[in-house]
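Reader: I would like a close look at the ligand site of this model. Please keep to the one part first, then place it in its surroundings.

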Amino acid sequence: MTSAPHQGRVLVLAGSDSGGGAGIQADIKTITALGGYAATAITAITVQNTLGVTGVHPIPLDIVEAQARAVLDDIGADAFKTGMLGDAATVEVVARVLDSAPKTRNGAVPAVIDPVMIAKGGASLLAQQAIGALKSLLVPRAALLTPNAPEAAALTGLTVETTDDLRRAGEALLELGAHAVLMKGGHVAGERVVDLLITRQGETAFEGERIETRHTHGTGCTLASACATGLAQGLGLTESVARAWNYVHEAMLRAPGFGAGHGPLDHAWGVRK
Ligand SMILES: Nc1ncnc2c1ncn2[C@@H]1O[C@H](COP(=O)(O)OP(=O)(O)OP(=O)(O)O)[C@@H](O)[C@H]1O
Ligand SMILES: [Mg+2]
């Protein structure tokens, strides 16, 4: 693994996954494995394993906001990462937190916005009415937006089924104000998986063989957190995404095989020599 210039503090605003494969647990493991420092503001506690989500306990809004403020007032953050937000009111709180963070030498603290909508097992993690808030309040604040194909379709109203569709939707999301978008191709059919990093300067493709596995729980959370860690550590955008892509790919290949459903990744592959 490349050694990073400094530790990099990432404040994650997302939900807890009791199964440990996705959500806050995947975020903390990823950030730590890549040498960063993870702090969290938990938005919801989910009752979850590899088979699915069977309960959701939202955290009161004032406690979500207070967690973030407690971290920012004392520890600080070099990047934000958002995941499961649940409802429009939580989206509004998160937008307020991002706005109020002290600026750095290079401007606003970069935010990786993972517009989580549906869990791998099919459970809804974002109210339908919150999509508008996500679009108007968080997409324009994204240093990097990381939608999967269904999320890109929900945010743009476009059909997203092919790599070309990913490109068109990505361009539409830049129009909505995202600074950059990483369009994930996990849900696009084909023997190869293609993710597209799209900015106003152009496009970079990250491409590999589709891995035949059911152990893909938390791939999206892991990728977004790894990107945020790179940005927090002062890596460039493309370098952050490239390292993240490689980290997720290896973690999938080395999945431990736990659970009877969508199993978790091996987040510790680079740590366990
Ligand atoms: N079968 C696969 N083989 C190789 N890479 C994959 C596979 N499935 C997903 N990926 C990669 O994992 C990352 C996450 O993509 P995906 O489209 O699955 O996101 P997601 O749907 O948000 O995930 P999650 O359900 O965990 O939120 C991307 O980099 C994607 O290319
Ligand atoms: Mg996802």
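How do the residues of the shell around ligand 1 divide into nonpolar, polar and charged?

Author: This is a predicted model, in which local features need pLDDT of at least 70 and side-chain atom pairs count only at pLDDT 80 or more, while totals for chains, interfaces and linings use all residues. Residues are numbered from 1 along each chain as its sequence is written, chains are lettered from A and ligands numbered from 1 in the order in which they are written, and side-chain values use heavy atoms, with hydrogens and water left out.

The shell holds five nonpolar, six polar and five charged residues. Here Ala, Val, Leu, Ile, Met, Phe, Trp, Tyr, Cys and Pro are nonpolar, Asp, Glu, Lys and Arg are charged, and the others, Gly among them, are polar. There are 16 residues around ligand 1, and N148, K184, H187, D195 and I211 come nearest; a residue is near if one of its heavy atoms lies within 4 Å.

Helices (H or I, at least four residues) and strands (E, at least two) are DSSP runs numbered from the N terminus. At least two shell residues come from each of β8 (192–199), α7 (219–232) and α8 (237–253). The largest share, three residues, belongs to α7.

On the backbone, a polar atom of G218 lies 3.4 Å from an oxygen of ligand 1, and an N or O atom of G220 lies 3.0 Å from an oxygen of ligand 1. Ligand 1 taken alone exposes 620 Å², of which the protein buries 93%; accessible areas come from the Shrake-Rupley method with a 1.4 Å probe, and for residues only the protein chains shown count as cover.

P110 and L231 are 121 residues apart in sequence, yet 7.2 Å apart in space, C-alpha to C-alpha. Beyond its neighbours within four places in sequence, P110 is in contact (heavy atoms within 4.5 Å) with D78, A79, F80, A143 and L231.

In α3 itself, T90, V91, V93, V94, A95, V97 and L98 are buried, that is, under 20% relative accessible area with a 1.4 Å probe, protein chains only. These buried residues pack against β1 (9–17), β2 (37–49), α2 (61–74), β4 (79–82), β5 and α4 (131–138).

Key. A polar contact is a pair of N or O atoms within 3.5 Å; within protein, one must be able to donate a hydrogen and the other to accept it, and residues adjacent in sequence count only if both atoms are side-chain atoms. Buried means under 20% relative accessible area, exposed over 50%, partly exposed in between (1.4 Å probe, protein chains only).
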